[in-house]
Amino acid sequence: MSRKIAIFDTTLRDGEQSPGCSMNTEEKLVIARQLLRLHVDAIEAGFPVSSPGDFESVRRIAELVGDSASVVALSRAVDGDIDAAAEALRGAQRPRIHTGLGVSTSHMRDKLRISPDECVERAAHCVRYARNLCDDVQFYAEDAGRSDYAFLARVVQAAIDAGATVVNIPDTTGFSLPEEFGARIAYLMEHVDGIDDVTLSVHCHNDLGLATALSLAGVAAGATQVECTINGLGERAGNTAMEEVVMGIRVHGDALGVHTDVDARGFAMASRLVSSVTGMVVQPNKAIVGANAFAHSSGIHQDGVLKDRSTYEIIDPREVGAGASRIVLTARSGHSALKQRLSDLGYTFDDETMSVLYRRFLEIADHKKEVYDEDLESLVNENAREV
Ligand code: KIV
Ligand code: ZN
């Protein structure tokens with residue numbers, strides 16, 4: 001039977017931590033509406049104790065979402081943070097408090113300045129404290145990707161014993177390699193009692209460009225929730241991109257035995273919306289939502305796609321709301337792509353004329369990055385005058 005992977009969106013929390021991407025309440029609400037259209041399972045709306053504005057954002061999103069998704073508020077392992085999170089979530093039908101602390105040597109020794117024993121004690125305390133205020137408590141083991149396996153298992157065990165309903169294993173610094181991160185999740189599955197009874201989440205950053213691969217490795221090893229953002233927004237090099245991990249699961253779901261409930265047809269729109277609200281441009285070659293994700297430029301590829309789309313496309317662009325595949329005419333384009341585009345524009349020519357037009361097309365293309373329909377109209381008119 002296929003295992004459902006819950007999709008936890010953190011565009012409005014970790015995503016807005018991207019430099020220059022902070023959002024006000026109205027902007028967050030617009031994005032939250034689009035996240036609901038995607039049918040995500042959980043929306044992390046913000047970090048209420050961090051500012052009155054963010055508190056208000058979480059409060060308004062909690063009201064907006066109703067029972068369509070869990071609404072999550074972040075807090076450190078600090079009682080006052082947890083109180084603020086619970087208060088901001090008061091109007092939510094499915095509230096979840098997300099609390100935790102660093103578990104790597106670097107975080108315990110150099111940031112928190114606590115011993116490993118204190119870390120375990122604080123993990124248990126923050127979960128217990130949050131459980132008194134909310135039935136759904138997610139514990140995060142920050143920098144788990146660089147932590148000692150056995151120690152991580154000890155902290156996770158303490159969090160579960162204290163009542164955590166979700167355990168989040170972040171690769172906060174994007175340090176891991178996929179195989180190793182998968183092994184870490186498998187280790188927890190084997191060594192933590194009761195882990196099968198909670199949601200096991202992965203939260204991977206993209207510092208080595210591996211966030212999606214890490215998340216999928218986590219899923220293959222048994223994780224049941226993936227944390228991600230639209231366009232992969234997030235601290236430094238960003239988080240796992242939702243559109244990538246969801247489509248990865250769709251393309252390989254049968255082999256992995258997993259699925260999500262996300263409606264991928266809203267991805268292109270969500271990507272444009274997040275880009276325009278945050279001002280963060282999407283790179284053209286970005287997987288799934290980049291302008292070139294379904295564009296074909298070389299003659300060999302164009303010839304294949306014109307015969308059968310699946311020769312060079314593993315996803316139908318309509319599945320992600322991206323319209324149709326695009327044949328881009330360049331100096332690398334072949335005869336068949338030119339013929340097809342001319343036919344789309346209403347022109348058909350015999351083979352001899354096509355050969356003349358193709359030669360002339362290449363002369364133009366060698367001087368341009370892309371040959372547009374207006375260039376083709378001129379080409380056709382010029383040819384008509386010459387015959
Ligand atoms: O990257 C991280 O560890 C986080 C936690 C707060 C979940 O964003
Ligand atoms: Zn993060």
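Colleague: Let us begin with D14: which residues is it in contact with, leaving aside its neighbours within four places in sequence?
Modeller: D14 is in contact with T229, G234, E235 and N239. Two residues are in contact if their C-beta atoms, placed from the backbone, lie within 7 Å.

Colleague: How should I read the numbers, and what kind of model is this?
Modeller: Residues are numbered from 1 along each chain as its sequence is written, while chains are lettered from A and ligands numbered from 1 in the order in which they are written. This is a predicted model, in which local features need pLDDT of at least 70 and side-chain atom pairs count only at pLDDT 80 or more, whereas totals for chains, interfaces and linings use all residues.

Colleague: Where is the place of D14?
Modeller: D14 is in the loop between strand 2 (6-9) and helix 1. Helices (H or I, at least four residues) and strands (E, at least two) are DSSP runs, numbered from the N terminus.

Colleague: Why does D14 count as buried?
Modeller: D14 counts as buried because it has 23 C-beta neighbours inside 10 Å. The word "buried" requires 20 or more other C-beta atoms within 10 Å of the residue's own; with 12 or fewer a residue is exposed, and in between it is partly exposed, with C-beta atoms placed from the backbone.

Colleague: Which residues does UniProt list for "binding site"?
Modeller: The unreviewed UniProt entry lists D14, H203, H205 and N239. They are spread over 226 residues of sequence, yet they cluster in space, with a largest C-alpha distance of 10.2 Å. UniProt positions are given in the numbering used here, feature names are shortened, and annotations may be inferred rather than shown by experiment.

Colleague: What about H205: where is its place?
Modeller: H205 is in the loop between strand 8 (199-204) and helix 8 (211-221). H205 counts as buried because 25 C-beta neighbours lie inside 10 Å.

Colleague: Which residues surround ligand 1?
Modeller: Ligand 1 is surrounded by D14, Y140, E142, N168, P170, T172, H203 and H205; a residue is near a molecule or strand if its C-beta atom, placed from the backbone, lies within 6 Å of it. Strand 6 (137-142) and strand 7 (166-171) each supply at least two residues of this shell.

Colleague: How do the residues of that shell divide by class?
Modeller: There are two nonpolar, four polar and two charged residues. Ala, Val, Leu, Ile, Met, Phe, Trp, Tyr, Cys and Pro count as nonpolar, Asp, Glu, Lys and Arg as charged, and the others, Gly among them, as polar.

Colleague: Changing topic, how many helices and strands are in the chain?
Modeller: The chain has 14 helices and 12 strands. Of its 387 residues, 47% are buried. The C-alpha atoms fill a box of roughly 85 × 40 × 40 Å, taken along the principal axes.

Colleague: Where does UniProt place the domain?
Modeller: The unreviewed entry places "domain: Pyruvate carboxyltransferase" at residues 5-268. Over residues 5-268 the chain is 44% helix and 18% strand.

Colleague: At what angle do helix 7 and helix 8 pack?
Modeller: Helix 7 (residues 178-191) and helix 8 pack at an angle of about 30°, with their axes 8 Å apart. Axes are lines fitted to C-alpha atoms, for helices over the stretch in contact, and angles run from 0 to 180 degrees between N-to-C directions. The residues of this contact divide into 10 nonpolar, two polar and one charged.

Colleague: And which residues meet there?
Modeller: Among them, F181, I185 and M189 are in helix 7, and L214 and A217 are in helix 8.

Colleague: Which residues does V262 touch?
Modeller: Not counting residues up to four places away in sequence, V262 touches I7, L38, H39, V40 and V246. V262 is buried, with 24 other C-beta atoms within 10 Å.
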